[in-house]
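Visitor: Hi! I'm new to this, so please start with one residue and build up from there.

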Amino acid sequence: MLLPISLLALTLSSIPIALATPTPIYRRSNCTNPTVRKEWRTLSRSEQINYVEAVNCLATKQSRIGLTTPLYDDFPYIHNQLNNEIHSVASFLPWHRYFVHVYEAALKECGYKGSATYWDWTLDSLSPSTSSIWDATAGFGGNGSPNVTEPGEYSPRNCVADGPFKNLRPSYITDSYEPHCLSRTWNNGTSEPGRMLGEYYSPEIVAEGQALGNYSEYRYKLEGTPHGAIHSSIGGDMVPSTSPNDPIFFLHHTQIDRLGYLWQQQDPEKRNYEYSGIRTQDQFDGVTPPEASLEDWLPMRGVAADLQVKDLMTTESDLMCYTY
């Protein structure tokens with residue numbers, strides 16, 4: 001299946017012909033009672049309120065990385081700074097797994113009592129714009145309003161005007177300090193909102209990816225098709241590399257992590273240690289990028305300790321201790 005042009009920027013890597021044979025690293029874990037991460041709509045109303053309050057709390061806390069902006073902005077700032085190191089490369093899945101974990105820990109410091117939660121967008125792929133995930137009371141607010149706008153670089157920015165995050169003021173857009181409203185522009189690539197590219201994250205498309213047999217092909221399919229389609233179709237703040245500006249980013253990436261977890265569980269003895277592909281982005285200059293390794297480091301730029309890929313390969317570790 002071919003991707004829409006708007007997704008091509010998210011799929012710059014090619015699948016290497018030769019795959020490295022992973023070296024198993026067996027470690028005893030004390031994770032005997034893992035937390036079970038749940039889909040947003042299965043949380044109780046009090047759990048949802050607790051989560052929303054913690055997200056908004058991040059905007060009141062001091063940066064951990066020396067910015068003059070709040071802790072909330074540390075996440076989009078770091079994601080943008082590392083953009084070329086964490087996308088279209090093998091570390092896409094373990095890096096974002098760790099990133100969600102760090103965000104979850106920050107939420108807990110703001111009083112959140114639960115675990116990271118996910119949005120299973122396969123359930124909404126036939127009509128994404130009518131999903132209850134966008135409910136103003138029990139969800140994340142809706143599309144940006146054409147009646148509530150701010151100036152943007154190329155066109156007016158449609159602000160989210162309802163829901164629990166309508167007053168958020170993210171500070172950055174890519175490399176620029178640019179405080180702005182939370183923005184969304186739902187689209188299907190040619191019209192608004194259309195089906196919001198739901199054909200690229202349908203149960204059938206996701207099942208095709210889950211059936212792939214090696215890590216490199218799997219990562220490429222998951223990142224380039226459903227992952228990219230969600231970012232592009234929500235639009236607004238979800239498009240640039242500061243996409244963690246939108247709180248829905250973390251539910252989206254917890255779903256990506258969930259799918260990766262489920263893929264690993266098909267053959268855990270092998271896949272909990274299977275890791276291959278390119279370590280750095282392919283520049284298409286005739287030079288083959290270096291092969292990825294379980295020993296590679298995952299940078300966090302000060303918001304958390306840097307860890308090696310091998311530390312993030314299983315969720316049932318002392319560090320994370322969760323399942324789905």
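Visitor: Which residues is His180 in contact with, leaving aside its neighbours within four places in sequence?
Guide: His180 is in contact with Glu150, Arg157, Leu168, Arg169, Pro170, Tyr172, Ile173, Asp237 and Asn245, once those neighbours within four places are set aside. Contact here means heavy atoms within 4.5 Å. Before we go on, this is a predicted model, where local features need pLDDT of at least 70 and side-chain atom pairs count only at pLDDT 80 or more, while totals for chains, interfaces and linings use all residues. Residues are numbered from 1 along each chain as its sequence is written, and side-chain values use heavy atoms, leaving out hydrogens and water.

Visitor: Okay, where does His180 lie?
Guide: His180 lies in the loop between β5 and α5. Those labels go to DSSP runs numbered from the N terminus: helices are H or I with at least four residues, strands are E with at least two.

Visitor: Is His180 buried or exposed?
Guide: His180 is buried, with a relative accessible area of 0%. Buried means under 20% relative accessible area, exposed over 50% and partly exposed in between, using a 1.4 Å probe and protein chains only.

Visitor: What does the side chain of His180 make a polar contact with?
Guide: The side chain of Asp237, at 2.8 Å. The His180 side chain also reaches the backbone oxygen of Glu178, at 2.7 Å. A polar contact is a pair of N or O atoms within 3.5 Å; within protein, one must be able to donate a hydrogen and the other to accept it, and residues adjacent in sequence count only if both atoms are side-chain atoms.

Visitor: Which residues are in contact with Tyr172, leaving aside neighbours within four places in sequence?
Guide: With those set aside, they are Leu67, Thr69, Asp73, Tyr77, Tyr177, Glu178, His180, Thr242 and Asn245. The side chains of Tyr172 and Thr69 are joined by a polar contact of 2.9 Å. As for Asn245, it is 73 residues from Tyr172 along the chain, yet their C-alpha atoms are separated by 8.0 Å.

Visitor: Let's switch to helices. How many of the residues of α2 are buried?
Guide: Nine of its eleven residues, so helix α2 (residues 71-81) is mostly covered. Among the buried ones are Leu71, Asp73, Phe75 and Ile78.

Visitor: Got it. At what angle do α5 and α6 pack?
Guide: Helix α5 (residues 203-210) and helix α6 (residues 215-234) pack at about 155 degrees, with their axes 9 Å apart. Axes are lines fitted to C-alpha atoms, for helices over the stretch in contact, and angles run from 0 to 180 degrees between N-to-C directions. The two helices are therefore roughly antiparallel to each other. Under 35 degrees counts as roughly parallel, over 145 as roughly antiparallel, 65 to 115 as roughly perpendicular and the rest as oblique.

Visitor: Which residues meet there?
Guide: Ile205, Glu208, Gly209 and Gln210 in α5 meet Tyr218, Lys221 and Thr225 in α6.

Visitor: New topic: how many disulfides are there in the whole structure?
Guide: A search finds three. A disulfide is a covalent bond between the sulfur atoms of two cysteines; here it is counted when the sulfurs are within 2.5 Å.

Visitor: Which cysteine does Cys31 join?
Guide: Cys31 joins Cys321, with an S to S distance of 2.2 Å. Cys31 is in the segment before β1 (35-36) and Cys321 in the loop between β7 (307-308) and β8 (322-323), so the pair ties together parts 290 residues apart in sequence. This link is right-handed, with 90 degrees about the S-S bond.

Visitor: And the others?
Guide: Cys57 and Cys110 form one, their sulfur atoms 2.1 Å apart. Its torsion about the S-S bond is about -70 degrees, so this disulfide is left-handed. Cys159 and Cys181 are also joined, with S to S 2.1 Å. Their torsion is about -75 degrees, so that disulfide is left-handed. Cys159 is buried, and so is Cys181.
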